[in-house]
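Open the model in your viewer and keep the selection tool at hand. The tour goes stop by stop.

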Amino acid sequence: MAEFVCEKCGASKEGRCKPKKCAACGGESCMVKKEEKKGGGGGCGCGCKAGKK
Ligand SMILES: [Zn+2]
């Protein structure tokens, strides 16, 4: 699962593929993939995403 964020309003949405439109503001082509940080940063590195809702 990847996370996408709207550049216009900042709404985030999870999905397998990039949304065409933002469900919050209706903007098109404004959804960008939120890069997941890998390796380092103090995480446990196992992918459990501790602390994430
Ligand atoms: Zn938006």
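**Stop one: the zinc ion**

The donor residues of the zinc ion follow the spacing C-x2-C-x12-C-x2-C in sequence. Keep in mind that this is a predicted model.

C6, C9, C22 and C25 coordinate the zinc ion. Each contributes its SG atom, at 2.3 Å. Now check the geometry. The angles among the 4 donor atoms run from 105 to 116°, and the site is tetrahedral.

Is C6 buried or exposed? C6 has a relative accessible area of 3%. That makes C6 buried, because the cut-off for buried is under 20%.

Next, select C9. Its relative accessible area is 40%, so C9 counts as partly exposed. Both C6 and C9 are donors to the zinc ion.

**Stop three: the sheet**

Hide the surface and switch to cartoon. In which order do the strands of the open sheet run? The order is β2-β1-β3, with 3 strands and antiparallel pairing. Color β2 (12-15) and β3 (31-33): these are the edge strands, and each pairs on one side only. Look along the sheet. Neighbouring strands are turned by 35° against each other on average, direction ignored.

**Stop four: β1 against β2**

Select residues 2-6, which form strand β1. β1 and β2 pair in the antiparallel sense over 4 bridges. Zoom in on A2: it stands opposite G15 in β2.

End at C6, where the stops meet. Strand β1 covers residues 2-6, and C6 coordinates the zinc ion through SG.

How values were computed:
Residues are numbered from 1 along each chain as its sequence is written. This is a predicted model: local features need pLDDT of at least 70, side-chain atom pairs count only at pLDDT 80 or more; totals for chains, interfaces and linings use all residues. Side-chain values use heavy atoms; hydrogens and water are left out. Donors are N, O and S atoms within 2.8 Å of the metal (3.2 Å for Na, K and Ca); water is not among the atoms, so sites may look incomplete. Four donors count as tetrahedral if all angles lie between 85 and 135 degrees; four count as square planar and six as octahedral if opposite donors are over 155 degrees apart and all others between 65 and 115; anything else is irregular. Buried means under 20% relative accessible area, exposed over 50%, partly exposed in between (1.4 Å probe, protein chains only). Two strands pair if DSSP finds at least two bridges between them. Helices (H or I, at least four residues) and strands (E, at least two) are DSSP runs, numbered from the N terminus. Axes are lines fitted to C-alpha atoms, for helices over the stretch in contact, and angles run from 0 to 180 degrees between N-to-C directions.
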